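Hi everyone, thanks for coming. Have a look at the sequence and the structure on the screen, and then I'll talk you through a few details.

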Amino acid sequence: MANIGNVNDAEFQANVLDSETPVLVDFWAEWCVPCHMVSPVVEEIGRDKGEHLQVAKLNIDENPDVTRRYAVMSIPSLILFKGGKEVARVVGAKPKDAILKDIGPHLEPQPAV
């Protein structure tokens, strides 16, 4: 259940915002070379973190409403949604460890202090 697949403007509320599991949305476009470079990394994160995370891809050219609502100005942009809210954003083609550093704290239960 780690991969929702493609999501669009119409499905975004149900598949991403209403999800009980955090969802990492990959905002991309067909013409974006860095997007194609980061896509396999995002899929790998989805496989590795499947029990704590779902992954979805949103094509910005085909889905302008969600793209505008979340002010995605540069791609690739990865936005982690948890409980219906944006909790982390990674802009640009970053390596796996850099992405995990930004989203990791929002995935697994944090130890009690």
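I'll go through the aromatic rings, then the disulfide, then a helix.

Quick housekeeping before that: this is a predicted model, where local features need pLDDT of at least 70, side-chain atom pairs count only at pLDDT 80 or more, and totals for chains, interfaces and linings use all residues. Residues are numbered from 1 along each chain as its sequence is written, and side-chain values use heavy atoms, with hydrogens and water left out.

Okay, rings. You describe a pair of aromatic rings by the distance of the centres and the angle of the planes. Here, rings of Phe, Tyr and Trp (its six-membered ring) pair if their centres lie within 6.5 Å; planes under 30 degrees apart are stacked, over 60 edge-to-face, and the rest tilted. That rule gives three aromatic pairs. One of them is Phe12 with Tyr70, which is tilted, at 5.8 Å centre to centre and 45 degrees between the planes. Phe12 sits in helix H1 (residues 12–17), while Tyr70 is in the loop between helix H3 (64–69) and strand S4 (77–82), 58 residues apart. By the way, helices (H or I, at least four residues) and strands (E, at least two) are DSSP runs, numbered from the N terminus.

Phe12 also pairs with Phe81, and that pair is edge-to-face: 5.4 Å between centres, 85 degrees between planes. Phe81 is in strand S4, 69 residues from Phe12. So what do ring pairs make of Phe12, Tyr70 and Phe81? They link them into a cluster.

The link is right-handed, with 80 degrees about the S-S bond. Cys32 counts as buried because its relative accessible area is 4%, and Cys35 does because its value is 1%.

Cys35 brings us to helix H2, as one of its buried residues. Others among them are Val38, Ser39 and Val41. The buried residues of H2 pack against strand S2 (23–28), strand S3 (54–59), S4 and helix H4 (96–103), with contact meaning heavy atoms within 4.5 Å.

That's my tour, thanks!

Key
Disulfide = S-S within 2.5 Å. Buried < 20%, exposed > 50% of the residue type's maximum accessible area, 1.4 Å probe, protein only.
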